[in-house]
Amino acid sequence: MPRLHRPGRPAGAGARPFARGAAVLATALALLSPLAGVAPAAVQEAEVADVGVRVNAQAALGRLPDTARGVNAAIWDAHMNDSEVAGLMAEADVGAMRYPGGSYADIYHWKTHTAPGGYVAPGTGFDSFMGTVRATGAQPILIANYGSGTPEEAAEWVRYANVTKDYGAKYWEIGNEIYGNGHYGSGWEHDEHEDKSPREYARQVRAYTAAMKAVDPTVKVGAVLTTPGQWPDGVVGEGDAGDWNHTVLSEVTDVIDFVSVHWYAGGSDTTAQYALDRLAGLPGELREVRSQIDRYAGAGSPRIGIALTEINTNTGGARLTARPNGLFAADALMTALENGVFSVDWWNTHNGAGQITTVDGETDYGDMGMLSSGACTGDVCEPAPNTPFHPYYGMKMTSELGTAGDTMVAAESSAQDVSAHAVLRRDGRLSVLLVNKNPDTARTVDLDYAGFTPSAAAPEVRRYARGDSDITAVTGGQVSASRATVPPYALLTVTLEPQPGTGPGASAAGTPGTPRLEAVTDTTARLSWESASGAARYLVQERDGAHTRLVGETTTGTSVTLRNLPPGSSHTVNVLAADASGRLSAPSSPLTFTTGTPPEAPCAVSYHRDTSWGNGFVATVTVRNLSSTAITGWTVDWDWPADGQSVSSGWNAAFQQTGRHVRVTAPEGAGPLAPDGGSTASFGFVGANDGPNPEPTVFRLNGTVCSGG
């Protein structure tokens, strides 16, 4: 369902809604440090692990950027620039602050600090905001007014910010949720353009970008996209050739530097557990954003970033300030960053009280803010302004995991209710974050490592759990390198020193550059990368979860061709350098690519999505036999790329789905498929998608891979 608005309002405001390679892996080593005064054997008997977590320090997921942790700041928030805010945000290592506040951006005129039709709190002007940004040590993400502004107004703002005031404001979005301007039937975003289509937005993005970069060529300009699988993704408006994302991206990838998407769990279920469970779909949705950028930007895709500029569990109701939303904040932030996002911006710094409930024995104020605004609902009032809510501590806990320049690495948990994230620090240490989403049961976790050997030193442990008023140090040998017990509804970080003489720090080889895809066919991929100092050879490894396998190596250069790949298959690879003694560097950042289909195959399939409405669609598939002999009795097979995709009903064929696999069988009495493309078979179906809806990458006719897709 579409998210029509964000409920809540600041004190004194009107009722207007507002936005908000196996061969090279080191042997895993588990060292158990005994509890104080207790023998190791007794520890083993006292605790039986019920969760296994594997961390692979040679499977990189990317570097943590300096803008990783972000928050939104709104001009209707009277506490936005309180002196306490900068200190609290700095303590949480917040590196990005987005202004002037969601949908207000499209009515806000920076020069006069006015928002006709909305409430503007005193002391929230641009210069005051930049004071808070600088005191925090963050960067601004600024939203240029698209709804009631002009390219010239945006360019003047760039001039004032970066020429007159020398603020060095790097990131600029063009509007907020412009797809909510009524073009698709629901309108919460102010837009005075007569033409509200995605084509017009794309045209204006080009105009805004040209005007802004004429003033400061170094600024990074972002366009607004819908989140795949969330309304109005897939909906084609009247007179449009495609949906919002495909229309916009087809017109702007040569001029933009990033895209902006928002993510809320959504749905009518506002329980905390629902939101935590919905996070499982976020990686697929972000992969689809990248796939869409790849489609239109081609070789230029890597330079276009993805910013998740708003995130929270839901857009109203309850369970927003409670402990489970703190777990969500930590889990969501790391999940997004691990899947290619350069900034995750919480909605909001302060927001305002909403529905009052009791969650986990505490009052939940229904407030989407990280910090209290001191507002009231009826006779129930929030604590003093700037008192941190649980989501603040969730974000702060991720700063215990790693900071800018550290490398996120793969971590995999055996339990659905325990999430794991890991970071290889620049100084050689390894940090692991464990999230126990079970409200009733402590979980004992066995920790296993690949590519990292812990030292005998006791780990550094931090916890945020019931009874903790802030991030708390855990001492006394309660956690070892190989085992940790995480209390119910709690966050725990374990930071380990490497055994001397091991790890990337012991290698004379530097870290290779991120691999680039030079060419790809249906069965091969040619990769290249920037060289690393001290490298005697390079190893290319493919990642599957927290496991890796060696797929290529070279001693003669910085490129390799991977062969015998399945058609239509996706692969995530990174590169390590080995020095003359065979000691491995840290892994490069990853590259994900998909092979194609054979250009000359004995069959061809076309897949066309006829219509879509966010969580459902109608598609037509046409099959052509290109071989020299007729085919009587055919089957067509494909696999959905994402969970949640399915066939609901169909016509002109029989349909069967098992897991992600779909088999379509010719209807009884169907005639043969003539040779040499002399005839076609077409069938259609109604499909459903709970999340992103990418197209299948490969089709098989009677088991043979076809061209097209």
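**Helix packing**

Mentor: Helix α6 (residues 244-252) packs against helix α8 (residues 282-297) at an angle of about 40 degrees, and their axes are 9 Å apart. The model is a predicted one. Two packed helices are described by the angle between their axes and the distance between the axes. Angles under 35 degrees count as roughly parallel, so α6 and α8, at about 40 degrees, are oblique to each other. The crossing of α6 past α8 is right-handed. On the α6 side the contact is made by N245, H246, L249 and S250, and on the α8 side by Q292, I293, R295 and Y296. Sorted by class, this contact of α6 with α8 has three nonpolar, four polar and one charged residues.

A second pair is formed by helix α4 (residues 151-164) and helix α5 (residues 198-215), whose axes come within 8 Å and cross at roughly 30 degrees. That angle makes α4 roughly parallel to α5. Here too the crossing is described by its hand: α4 passes α5 in a right-handed crossing. From α4, the residues P151, A154, A155, V158, R159 and V163 meet Q204, A207, Y208, A211, M212 and V215 of α5. By class, the contact of α4 with α5 has ten nonpolar, one polar and one charged residues.

A144 lies in strand β4 (residues 139-144), and among the residues A144 touches are A154, W157 and Y208. A154 belongs to the α4 side of the helix contact and Y208 to the α5 side. A144 also touches D106, E173, I174 and G175. With a relative accessible area of 1%, A144 is buried, because buried means under 20%. Between the C-alpha atoms of A144 and V158, which are 14 residues apart along the chain, the separation is 9.4 Å.

For contrast, here is a part built from strands. Strand β34 (residues 661-665) runs antiparallel to strand β31 (residues 635-639), and five bridges join them. Strand β33 (residues 654-658) is also antiparallel to β34 and joined to β34 by five bridges. V662 of β34 stands opposite W638 and is the bridge partner of Q657. V662 and V664 make up the covered face of β34, while H661, R663 and T665 make up the uncovered one. The hairpin of β33 and β34 has two residues between the strands, and G659 takes a positive phi near 60 degrees there.

Technical notes. Residues numbered from 1 in each chain as written. Predicted model: local features only at pLDDT ≥ 70, side-chain atom pairs only at ≥ 80, totals over all residues. Heavy atoms only, no water. Helix = DSSP H or I, 4+ residues; strand = E, 2+ residues; numbered from the N terminus. Buried < 20%, exposed > 50% of the residue type's maximum accessible area, 1.4 Å probe, protein only. Contact = heavy atoms within 4.5 Å. Pairing = 2+ DSSP bridges. Axes fitted to C-alpha atoms, helices over the stretch in contact; angles between N-to-C directions. Parallel < 35°, antiparallel > 145°, perpendicular 65-115°, else oblique. Left-handed = near helix turned anticlockwise from the far one by under 90°. Nonpolar A, V, L, I, M, F, W, Y, C, P; charged D, E, K, R; others polar. Lists of a residue's contacts leave out its neighbours within four places in sequence.
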